[in-house]
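User: Hi, I have a structure to go through and I'm new to this. Can we walk through it together?
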Amino acid sequence: MGNQDPMIDIYIYEAQQLLETLEDILLEGEKEHRLTDEQINEVFRIMHTIKGSSGMMSFEGLTKISHTVEDLFSQIREKKARSGDWDNIFDIVLAASDLIKADIDKISLGQNPDCDPTEVMKRVGDYLDKISHRVAPAEEAEDVSEEALVEDEDTAPDAPYYKIKISFEAGCQMENMRAFGVANELHSLGGRICHVPENLMDESASAEIAEHGLIIYMQTSVNPDTLKSVLDSTMFLAAFSVISLAVDSEELPAVLLPPPVKAEETVKEAPQEVQGKQNFISVNVNKIDKLMDLVGEIVTTESMVTKNPEVVSLQLESFERSGQQLRKLINELQDIVMSVRMLPVSTTFHKMHRIVRDMSKKVGREVNLTIIGEETEVDKNIIDHLSDPLMHLIRNSVDHGLEPPGERTAAGKRPAGTVTLEARNTGGDVTITVSDDGRGLDRESIVRKAIERGVTSKSPEEITDKEAYSYIFLPGFSTNEQVTEFSGRGVGMDVVRSNIEKVGGSVLVDSTPGKGTTVQIKIPLTLAIIEGMKLSVGDLTFIVPILSIQESFKPEAKDVFLDPDGNEMIMLRGECYSVLRLHHLFNIVPETENPEEGILIRITNDTHTYCLFADKLLGEQQAVVKPLPLYIQQHNHNMRGLGGCAILGDGSISLIVDVNTLNGEMR
């Protein structure tokens, strides 16, 4: 997307923002079985803006479909929809939104948009025919032009006048189209309006607006706060002012002047100015990624300079002080860049409302989605990996987890099921929980299928609940006997685990028969920098994320033993844990193979707790995570156990241990 024409980039960004707002309005309205007048006006404005910008970009299909929905809401504003109409209206507009979204995705990939608006246009036409008793839907209404904006029959003759001055952010481009959109939004609130420049469709208008701004004169009964809220929500607006004008003001354009009145009837109002300014800009995420990479290089270079053995040996006090100040500033810079990359999970969470809505309609169940902690923030790269896993989990909860209304009622539950989506910060991680109050997982069925497929050689009695439930994340593992459109819990669950593990996270599942199922996802706040513990094994250095470490200790010989299968184990406070020797795993010659001379680090990952054996601990290390070089990945097909590498202060490379791909059964 970033390599396309900047105007295309801006068009895509704005359309995506508008479609997200549209979907939120529709799903909120669907809960109430109607839209308020304010929501109806908002949908009208969204479609009008998409229509205008699509027309400017010559996207014919998108222009038609948005114009059609705009016509629909123009009629709804006039004739008011009946209570029985809303389900049909919501279905039509969501179908239109999906078509627009699909075309926007194609445009972002450099493809031509090719949506066919025929079906949506027919459905809108049928509805308009129904409410207006016309034989055919109304002819395409002409676009609102500058001249048409001037009149509004409903405006009261004594309505107040306002002068609205607007300036856009420098370099935002398409200033005339943005001005046209703002003018139309204000006009849609109700009132008489004119503006300078007069012809916003003229190409020269962009330069004039960029230099001098846009001035709108308006007569309206609408509250100034409402005008301000519309301007506040306009993207790329640098500043605006709303000034009340007296009816005899010399500034008032002649076209808006009322018929002559007696002097004593004229009321002069004191100018009242409302100032507003938006304090945000949109930045291409690639620039933020490059900035993050640069900060990572600075962190590494600072460490290499201040810990240079030649400098350290000189014991320069002034250099040490300067180094500490540099480290402090770099840490602040790092925190700021990290905060820029952090986004709330609310956008991803709200997308799940649509998934629940569509699924519940298809499977014939009433489902309530409860969202908790949507303001929780995580790194943008991690958010990008969250959408697919959450979609699969929500679908499985609705389709397979929740019982039909009759079954729920018989079990003493409310007919409507509840799916809860929760996010919360837990130290350096974010925990996301998807839970339902359905029938729960069938442990016996899962264990039976696991044994049939040879997933485990244990007897059913030996398999813990946690182990049994983790089997649903295996590829193609489903307990549904029949494959449906959405199939059973297990289909797509391997996608959940693989996507979460890609970002260094873990997944746990728990269930109570008859009460419901809970899936817990733990993900790091960011992928870029981790707090780790350095270990040495032979000539190599490893880093283990501190969040995964429970403790480190030197074992006694009497506590280490072999189980009947020859696996090395250790007894620690009455519990047995597997011992995993890093030198065995990576074929390294260690300094010692004697457990008493080395160090054990107790690690907890998704489903296992085990102990890593290393030569010694070297201390804590803040590491900038870098992927392993391509040539290493190409010549080593089994990269299990490694999550990347980091450059240390002395210039050497340390390997980062991926604790989620290791477990106590590896030798």
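User: Which helix is I451 found in?
Analyst: I451 is in helix 17, residues 443-452. Helices here are DSSP runs of H or I with at least four residues, strands are runs of E with at least two, and both are numbered from the N terminus. Before we go on: this is a predicted model, where local features need pLDDT of at least 70, side-chain atom pairs count only at pLDDT 80 or more, and totals for chains, interfaces and linings use all residues. Residues are numbered from 1 along each chain as its sequence is written, and side-chain values use heavy atoms, leaving out hydrogens and water.

User: Is I451 buried, partly exposed or exposed?
Analyst: I451 counts as partly exposed because its relative accessibility is 34%. Buried means under 20% relative accessible area, exposed means over 50%, and partly exposed is in between, using a 1.4 Å probe and protein chains only.

User: What does I451 touch, leaving out residues up to four places away in sequence?
Analyst: I451 touches T456, K458 and P460. Contact means heavy atoms within 4.5 Å.

User: Zoom out. How many helices and strands does the protein have?
Analyst: It has 21 helices and 23 strands. Buried residues make up 48% of the 667 residues. Take the contacts with a separation of 6 or more: residues 24 or more positions apart account for 69% of them.

User: Now packing. At what angle do helix 2 and helix 3 cross?
Analyst: Roughly 155°, and their axes come within 8 Å. The axes are lines fitted to C-alpha atoms, for helices over the stretch in contact, and angles run from 0 to 180 degrees between N-to-C directions. Helix 2 and helix 3 are therefore roughly antiparallel to each other. The cut-offs: under 35 degrees is roughly parallel, over 145 roughly antiparallel, 65 to 115 roughly perpendicular, and the rest oblique.

User: Is the crossing of helix 2 and helix 3 left-handed or right-handed?
Analyst: Left-handed. That means the near helix is turned anticlockwise from the far one by less than a right angle; clockwise would be right-handed. Residues making the contact include F44, M47 and H48 of helix 2, and F73, I76 and R77 of helix 3.

User: What about helix 2 and helix 7, what is their angle?
Analyst: Helix 2 (residues 37-56) and helix 7 (residues 175-188) pack at about 155°, with axes 10 Å apart. That makes helix 2 roughly antiparallel to helix 7. This crossing is right-handed. Among the contact residues are F44, R45 and H48 of helix 2, with M177 and F180 of helix 7.

User: What sits over the ring of F44?
Analyst: The charged end of R77, 3.9 Å from the ring centre. The rule wants NZ of Lys or CZ of Arg within 6 Å of the ring centre and within 35 degrees of the ring normal. R581 also lies over a ring face, that of F613, at 4.7 Å from the ring centre.

User: And aromatic pairs, how many are there?
Analyst: The count is 3 aromatic pairs. F542 and F586 form a stacked one, 5.4 Å centre to centre with 25° between the planes. This pair links distant parts of the chain, 44 residues apart: F542 is in strand 14, and F586 is in the loop between helix 20 and strand 19. Rings of Phe, Tyr and Trp (its six-membered ring) pair if their centres lie within 6.5 Å; planes under 30 degrees apart are stacked, over 60 edge-to-face, the rest tilted.

User: Is F542 buried or exposed?
Analyst: F542 is buried, because its relative accessibility is 0%. F586 is partly exposed, at 22%.
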